[in-house]
Amino acid sequence: FTHSAVAVQYHRLAIEAPGGGIPVQCQSAGTLSLVDVELRNSGAALFSSTCTLEIDRSKLSNNVSFAFSVSGGVLTIKNSFITNNGNTGVVIGTMLMDAIGADSVVEHSTIAGNKNDGTQPSAMSCSNGIGPTFKNSIIRNNTIPATCTVGNSVIDPGYTGAGVDNLVVDPLFLDPLTDNYHLMPGSPVANLTVLPTTLTVDADRQSRPQPAGSQPDFGADEIP
């Protein structure tokens, strides 16, 4: 699906291209919204150039090359899982982001288990700009360069970029081997969000926060 200079929303779909390739592309200042969508088992899930791109309550997983590439435009990701993408033969295993708008944000999302050849950060690449800002998220078993801004999140050791209130801790996923990156009861990332959020549900449409009156959990999943 290739969209150019139009506004499109995908809602409650599973999209895959087992033979490889990139099944969803947005170009030329279009607007693309993914809500409750799975992009999986493709060469790469998504390519966006100078578009306004929103990914909400979605999952990008098990794509052979990377999850997505975004060049220009504005990116918003919230309540989403980006997991188990890439392989040991690719340079970037997850998110390539170049010259995107400063108001781009990745919020309450879980980025984990993505792979690459070890020569570059396997989670993501942020270049030629100050966006996006990551907050209230989990970045686990993936390195991340200092050019990305991360705050109030769980992040693997080695990050030296801008951001405060980050933790290095095992968030206790239920079963990463089966691509289940929901949180175990008793996770140390429960009720830790301090940066402002307007999100009232998690990736599974469960109320956020739980219990009511507390602080939301880090990542895409709110422990019931």
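Start by selecting phenylalanine 68. This is a predicted model, and in it, setting aside neighbours within four places in sequence, phenylalanine 68 is in contact with Leu46, Ile55, Leu60, Leu75, Ile77, Ile82, Thr94, Met95, Leu96 and Met97.

Now widen the view to the largest nonpolar core, which has 35 residues. Phe68 is among the members that touch the most others, along with Leu46, Met95, Met124 and Phe134. Strand S4 (residues 31-40) is the top contributor to this core, giving four residues. There's also a second, separate core of twelve residues; Ile138, Tyr181, Leu183 and Val189 are among them.

Next, pick strand S11, residues 95-98.

Strand S8 (residues 66-71) pairs with S11 in the parallel sense over four bridges, and serine 71 stands opposite aspartate 98. Strand S14 (residues 124-127) also runs parallel to S11, joined by four bridges; here leucine 96 stands opposite serine 125.

Last stop: aspartate 36, in strand S4. Buried or exposed? Its relative accessibility is 16%, so aspartate 36 counts as buried, the cut-off being under 20%. Show what surrounds aspartate 36: beyond four places in sequence, its contacts are His11, Arg12, Leu13, Asp56, Arg57, Ser58, Ala203 and Arg205. Zoom in on arginine 205, whose side chain makes a polar contact of 2.7 Å with that of aspartate 36.

Terms used: Residues numbered from 1 in each chain as written. Predicted model: local features only at pLDDT ≥ 70, side-chain atom pairs only at ≥ 80, totals over all residues. Heavy atoms only, no water. Buried < 20%, exposed > 50% of the residue type's maximum accessible area, 1.4 Å probe, protein only. Helix = DSSP H or I, 4+ residues; strand = E, 2+ residues; numbered from the N terminus. Pairing = 2+ DSSP bridges. Core = buried A, V, L, I, M, F, W, Y, C linked by side-chain atoms within 4.5 Å. Contact = heavy atoms within 4.5 Å. Polar contact = N/O pair within 3.5 Å; in protein donor to acceptor, adjacent residues only side chain to side chain.
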